[in-house]
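The following report describes a two-chain model, beginning with the contact between the chains and then turning to each chain in turn.

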Amino acid sequence: MIRYVVVRLMASLPVLLLVTVLAFVAIRIVPGDLASVRLGEGATPQDVEALREQLGLDAPIYEQYLDWLGGLARGDPGVSLQNSLPVGEQFRKRLPVTIELAILTTMVSLVIAVPLGVVSAVRSGTMLDQIVRVVAVLGQAVPSFWLAILALTFLSIYWHWAPPFTYRSPWEAPWHNLQQLLLPSLILGYAQSALLMRTIRSAMIEVLTQDYIRTATAKGLRGRTVVLRHALRNALIPATTVIGIQTTTLMGGAIVLEQIFSLPGVGKLTLDAIVNRDYTQLQFNVVFIAVIAMAINLIVDLSYLYSDPRLRR
Amino acid sequence: MSAPAGELHELQRAASTRRAFGPRVRRVARRSPLGVAALLILVFLFAAAVFAPQLARYDPLELHRIDRLQSPNGRYWLGTDSFGRDQFSRILYGSRVSLWIGVAPIAMSTVIGGVSGLVSGFFGGWVDTCIQRVMDAVMAFPALLLVLVIVSLMGASERNIILVLALVTVPAISRVARGATMVVAAQAYVDSARAVGASNARILVFHIVPNIFAPVLVVAASLVGTAILAEASLSFLGLGVQPPEPTWGNLLSGQNRDLFEVASWLAIFPGLAISVTVLAFNLLGDTLRDLLDPRNRGRGA
């Protein structure tokens with residue numbers, strides 16, 4: 001098992017390196033010179049030159065990359081072009097909001113997807129199953145940002161209610177915090193539950209035909225025990241992968257919903273960096289979001305070892 | 001990787017039995033009316049996009065100053081915006097952008113992903129390792145983030161959006177193509193072909209490509225929906241195709257957004273257009289999957 005973990009970690013090293021290259025190249029895809037693009041038309045040549053120097057644009061491209069990579073490795077990824085604050089610290093400050101949204105969203109998604117997925121599988125082919133499937137298919141097709149707009153519009157028209165506009169942490173003002181995060185996590189949670197529901201449904205249908213389920217039923221266990229204890233546990237294994245992938249997307253910041261609900265999370269930080277042409281911040285966010293995503297994938301893979309003893313050898 | 005490979009194996013076997021295809025299409029059509037409905041909706045949408053100039057009641061950019069913010073009525077079927085532009089015509093023209101940006105990048109990534117997956121799965125070894133590590137790296141980024149960052153840096157034009165959407169969807173297709181290729185390449189008929197002296201190129205073109213087509217197509221169909229949603233999100237953030245060109249995402253952002261409380265029709269119809277279109281592509285993908293899945297072959301006949 002330790003061997004597997006080591007091999008898996010080693011295998012992610014080249015990918016990690018490629019990720020940094022990709023992020024570095026992605027930022028430099030700006031047509032023209034970064035410095036003059038950022039400063040715009042009115043900039044003096046001196047300003048442009050100063051910024052070029054700050055960004056190290058005069059050095060050859062591979063040197064720029066190695067410099068930046070060295071900075072990352074040393075824990076000194078530079079400062080924001082917008083406000084001169086260290087980019088790492090900015091990111092860290094926004095992370096709790098995004099993590100909170102991710103946790104709430106995943107909870108909503110599980111609460112919707114697990115019972116509906118199970119019922120839909122057990123009662124496969126019935127009217128109930130059809131309804132659940134329609135709910136799931138719609139969840140994948142309806143854009144979350146549109147649901148968010150509709151919710152805000154109609155809540156405001158009919159109930160004169162709008163979520164708070166400023167963010168306060170759950171420790172400091174739990175009610176205020178919940179009011180702001182409830183809608184986005186319900187909407188995102190529904191969107192995410194769609195794929196999860198379908199995954200659980202098809203995994204359950206598959207599992208329920210297995211011999212050990214027949215054995216469990218034959219030895220007189222109650223239907224509920226068979227479904228929940230024997231079938232669901234195994235059906236949740238493929239669901240773990242889906243949850244993992246969805247969490248990585250959330251950790252990249254639910255960019256659009258964070259914007260709509262003015263949540264100061266990683267997504268909003270990234271969007272602001274894009275809009276302000278804050279290249280240093282943007283580059284850091286892009287790399288770090290990918291690193292977090294890779295870490296989550298690793299955890300999902302390792303969780304397989306835990307849930308499937310056959311893999312532990 | 002073993003479970004999907006098994007599924008692909010079956011998909012591929014299903015696709016190779018061409019003779020049974022006709023009756024199977026009819027059976028699936030009977031069994032999945034939703035799939036037929038999706039196909040009809042898509043035909044209708046493509047027709048609407050192609051014939052937008054003939055179908056539109058007004059020029060989508062034409063201002064009707066005295067008819068600003070009209071709710072849906074006989075003259076303006078879906079109402080007007082704050083400039084008095086006809087929303088029906090704008091949504092109609094918007095379908096051109098959405099469908100084009102949905103289909104074009106996926107067509108590109110199907111070719112690129114298909115070929116890279118084919119090469120990766122067929123030759124294996126270091127070629128496979130290199131290609132797949134690059135795919136892993138692209139997949140490490142949340143897709144929307146990558147699209148957003150690169151498009152905004154390159155400049156938000158239709159061409160750039162298509163290129164970037166193609167880039168981020170390549171890995172998904174490449175993986176499926178690779179898995180399917182590995183399954184097919186291990187079949188006895190490929191060995192037989194090699195034994196009678198067929199070249200690699202011949203084996204690839206005549207034996208492998210036709211047999212990995214089905215699973216790749218299934219993935220591609222559902223990726224079109226993903227691409228349409230991504231474009232809508234980009235436009236919504238103001239980082240997509242720039243106004244005044246109407247796109248479904250644009251119609252939900254900018255000035256319109258401040259008016260939703262007094263003109264809710266501006267919020268409802270563009271979103272419905274996006275939802276119905278994505279739904280149709282997803283249902284098409286599901287139906288294709290059912291159609292090509294041999295497990296459904298015996299049933300319901």
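## Contact between the chains

In this predicted model, the contact draws 38 residues from chain A and 35 residues from chain B. On the side of chain B that touches chain A, the elements giving two or more residues are helix 6 (125-140), helix 7 (143-154), helix 10 (200-236) and helix 13 (264-292) of chain B. Helix 13 of chain B gives the most to this side, with nine residues. Sorted by class, the side of chain B that touches chain A has 24 nonpolar, eight polar and three charged residues.

## Helix 6 of chain A against helix 13 of chain B

Two packed helices are described by the angle between their axes and the distance between the axes. For helix 6 (residues 127-141) of chain A and helix 13 of chain B, the axes come within 8 Å and cross at roughly 120°. The crossing of helix 6 of chain A with helix 13 of chain B is right-handed.

On the chain A side of this pair, A:V137, A:L138, A:Q140 and A:A141 take part; they meet B:S275, B:V278, B:L279, B:N282 and B:L283 in helix 13 of chain B. The residues of the contact of helix 6 of chain A with helix 13 of chain B comprise six nonpolar, three polar and no charged.

## B:L148, a residue with contacts in both chains

B:L148 lies in helix 7 of chain B, one of the elements that give two or more residues to the side of chain B that touches chain A. B:L148 has 25 C-beta neighbours inside 10 Å and therefore counts as buried, the cut-off being 20 or more.

Which residues does B:L148 contact, leaving aside its neighbours within four places in sequence? They are A:I255 and A:I274 in chain A, together with B:L234 and B:L239 in chain B. B:L148 and B:A230 are 82 residues apart in sequence, and their C-alpha atoms are 9.0 Å apart in space.

## Chain A: architecture and confidence

Chain A has 13 helices and zero strands. Its C-alpha atoms fill a box of roughly 85 × 60 × 35 Å along the principal axes. Of the 313 residues in chain A, 38% are buried. Among contacts in chain A between residues at least 6 apart in sequence, 70% join residues at least 24 apart.

The average pLDDT of chain A is 85, and 97% of the residues score at least 70. Within chain A, confidence is lowest in helix 2 (residues 34-39) of chain A, with a mean of 76, and highest in helix 5 (residues 87-122) of chain A, at 92. Where pLDDT is low, the predicted coordinates should not be read in detail.

## Helices 10 and 13 of chain A

Helix 10 (residues 223-251) of chain A packs with helix 13 (residues 279-307) of chain A at an angle of about 165°, and their axes are 9 Å apart. With angles over 145 degrees counting as roughly antiparallel, helix 10 of chain A is therefore roughly antiparallel to helix 13 of chain A. Their crossing is right-handed.

Helix 10 of chain A contributes residues including A:I237, A:T240, A:G244 and A:M251, which meet residues of helix 13 of chain A, among them A:I289, A:I296, A:N297 and A:S307. The residues of the contact of helix 10 of chain A with helix 13 of chain A divide into seven nonpolar, eight polar and no charged.

## Positive phi angles in chain A

Most residues other than glycine have a negative phi. A:S84, which is not a glycine, has a positive phi near 60°. A:S84 is in the loop between helix 4 (61-73) and helix 5 of chain A, and it counts as exposed because it has 8 C-beta neighbours inside 10 Å.

A:R277 is likewise not a glycine, and its phi is positive at about 55°. A:R277 is in the loop between helix 12 (266-275) and helix 13 of chain A. With 18 other C-beta atoms within 10 Å, A:R277 is partly exposed.

## Chain B: architecture and helix 9

Chain B contains 13 helices and zero strands. Buried residues account for 48% of its 301 residues. Of the contacts in chain B with a separation of 6 or more, 74% are between residues 24 or more positions apart.

Just after helix 9 of chain B, B:G197 takes a positive phi of about 95°.

How values were computed: Residues numbered from 1 in each chain as written. Chains lettered and ligands numbered in written order. Predicted model: local features only at pLDDT ≥ 70, side-chain atom pairs only at ≥ 80, totals over all residues. Contact = placed C-beta atoms within 7 Å. Helix = DSSP H or I, 4+ residues; strand = E, 2+ residues; numbered from the N terminus. Nonpolar A, V, L, I, M, F, W, Y, C, P; charged D, E, K, R; others polar. pLDDT = per-residue confidence, 0-100. Axes fitted to C-alpha atoms, helices over the stretch in contact; angles between N-to-C directions. Parallel < 35°, antiparallel > 145°, perpendicular 65-115°, else oblique. Left-handed = near helix turned anticlockwise from the far one by under 90°. Buried ≥ 20, exposed ≤ 12 C-beta atoms within 10 Å, placed from the backbone.
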